[in-house]
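Please open the model in your viewer and keep the selection panel at hand. The stops below are meant to be taken in order.

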Amino acid sequence: MTGRSWVTFNELITQQWTRRSLWMNLLLLFCLYMTFIYMPFDIFWKPLAEDEEVWFGVTLHGWSAKYTAPLHWLIYAAGAYGFWHMKPWMWPWAAVYCAQIVISMFVWNLLDPRGGGMQAGAVAAAVFMVPTIALWRSKDRFNGVRAS
């Protein structure tokens with residue numbers, strides 16, 4: 001060994017977990033899940049006939065969904081990397097992306113036949129507004145300030 005202290009896997013996870021608040025760790029876990037489990041399944045194994053991607057509340061199907069899925073994959077991978085390393089560029093972009101989800105949830109409920117209309121859209125938008133506001137208010141957390 002060259003004097004470098006080796007960190008066990010458990011120590012690494014503990015160090016990482018304590019860098020963020022619980023809600024931010026949940027966003028990290030979601031981004032990791034989407035990056036390493038769901039998006040590879042969606043892109044490589046989900047049948048074309050079943051493929052859907054939602055952008056700004058508009059549902060794309062088939063090849064349109066397959067062609068735009070890698071952009072979702074890239075967004076989730078950037079989110080996972082940014083949350084893991086608490087990169088300063090995550091603010092304001094995580095909040096901006098989350099705000100886009102707020103709009104998307106409302107619009108999807110109005111446009112998609114499976115949507116629940118204006119009331120359901122308002123409720124869904126309100127739910128996603130919570131992490132949007134939390135991310136917007138978390139600038140200091142992405143500048144090296146430890147979570148409280």
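Predicted model: local features only at pLDDT ≥ 70, side-chain atom pairs only at ≥ 80, totals over all residues.

Residues are numbered from 1 along each chain as its sequence is written, and side-chain values use heavy atoms, with hydrogens and water left out.

Select α3 (residues 62-85) together with α4, which pack at an angle of about 135 degrees with their axes 11 Å apart; axes are lines fitted to C-alpha atoms over the stretch in contact, and angles run from 0 to 180 degrees between N-to-C directions.

Next, select asparagine 109, placed in helix α4 (residues 90-111), where helices are DSSP runs of H or I with at least four residues, numbered from the N terminus, and strands are runs of E with at least two. Asparagine 109 is buried, with a relative accessible area of 8% (buried means under 20%, with a 1.4 Å probe and protein chains only). Its side chain reaches the backbone nitrogen of glycine 116 at 2.9 Å.

Now move to proline 92, also in α4, which a cis peptide bond joins to tryptophan 91, with omega about 15 degrees.

Finally, select methionine 86, in the loop between α3 and α4, whose phi is positive, near 50 degrees.

How values were computed: Buried < 20%, exposed > 50% of the residue type's maximum accessible area, 1.4 Å probe, protein only. Polar contact = N/O pair within 3.5 Å; in protein donor to acceptor, adjacent residues only side chain to side chain.
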